[in-house]
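Hi,

Here is the structure I said I would pass on. Have a look at it first, and my notes follow below.

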Amino acid sequence: MDLLLRPSEVRCDVGADDASFEEFVRTTAPSLMRTATLLCGDRDEGEDLLQATYARAFSRWRMVRGADNPMAYTRTIMTRTLVSQKRRRSSSELPVADVPDRPEAGADPTLRLSLLEALAMLPPKDRAVLVLRFWEDRSVAETAAELGISENACRTRTSRALTRLRVHFPALEES
């Protein structure tokens with residue numbers, strides 16, 4: 001996956017190691033792109049979110065690289081960037097009627113699109129909780145820490161978000 005981000009284009013800490021950052025991007029891009037797409041509900045917005053995340057991660061590369069888990073640190077940057085962007089509610093982008101998407105082989109594209117559409121209707125923090133808990137398979141404690149909320153708040157958000165999501169899939173509850 002070739003990303004547009006070039007470390008030389010981002011202002012960063014003095015002494016940041018370009019090669020280690022490039023290796024980090026190469027190894028984490030597929031996973032973080034999947035997470036970003038699920039968080040945003042749209043691949044293009046996910047790419048924008050990932051780009052902003054990597055820019056912020058590079059500007060703090062010494063701290064990210066020195067963290068116990070650089071991937072988790074970067075994922076935290078991503079979720080906080082998303083929540084911050086959604087809070088601003090300003091966008092210069094215009095929606096289009098038809099988005100040229102291709103379904104994955106072997107997956108049920110209708111169910112997947114329905115799920116992505118239902119996720120997009122959730123508030124950003126609820127969407128983030130579900131994506132981190134169930135797609136990224138994070139624990140309640142990890143999810144709460146990444147979103148900066150208590151574990152009880154995380155459980156409550158998860159429960160309420162799942163209830164809202166289940167309304168869109170009544171046939172699945174019967175099986």
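To get you oriented, in which helix does Thr37 have its place? Thr37 belongs to helix α1, which runs over residues 18–40. Please keep in mind that this is a predicted model.

Since we have started with Thr37, let me stay there. Its relative accessible area is 16%, so it counts as buried, the cut-off being under 20%. If you set aside the neighbours within four places in sequence, Thr37 is in contact with Asp42, Arg43 and Gly46. Cys40, at the end of the residue range of α1, is buried too, with a relative accessibility of 8%.

Now the overall picture. The protein has nine helices and zero strands, and reading along the sequence you get α-α-α-α-α-α-α-α-α. Of the 175 residues, 37% are buried. The accessible surface comes to about 10900 Å², and carbon and sulfur atoms account for 50% of that. As for contacts between residues at least 6 apart in sequence, 67% of them join residues at least 24 apart.

A disulfide is a covalent bond between the sulfur atoms of two cysteines. Counting pairs of cysteine sulfur atoms within 2.5 Å, I get zero disulfides. Cys154 is buried, with a relative accessible area of 0%.

Next, the stretch around α7. Asp137 has a phi near 55°, which is positive although the residue is not a glycine. Most residues other than glycine have a negative phi, so this is a spot to look at on your screen. Is Asp137 buried or exposed? At 64% relative accessibility it counts as exposed, because the cut-off for that is over 50%.

In α7 itself, the buried residues are Val140, Thr143, Ala144, Glu146 and Leu147. Looking down the axis of α7, these buried residues fall within an arc of 165°, so they line one face of the helix. An α-helix has 3.6 residues a turn, so residues three or four places apart point the same way. Just after α7 comes Gly148, with a positive phi of about 70°.

That is what I have for now.

Cheers

Note on methods:
Residues are numbered from 1 along each chain as its sequence is written. This is a predicted model: local features need pLDDT of at least 70, side-chain atom pairs count only at pLDDT 80 or more; totals for chains, interfaces and linings use all residues. Side-chain values use heavy atoms; hydrogens and water are left out. Helices (H or I, at least four residues) and strands (E, at least two) are DSSP runs, numbered from the N terminus. Buried means under 20% relative accessible area, exposed over 50%, partly exposed in between (1.4 Å probe, protein chains only). Contact means heavy atoms within 4.5 Å. Accessible areas come from the Shrake-Rupley method with a 1.4 Å probe; for residues, only the protein chains shown count as cover. The arc is that of the directions from the helix axis to the C-beta atoms.
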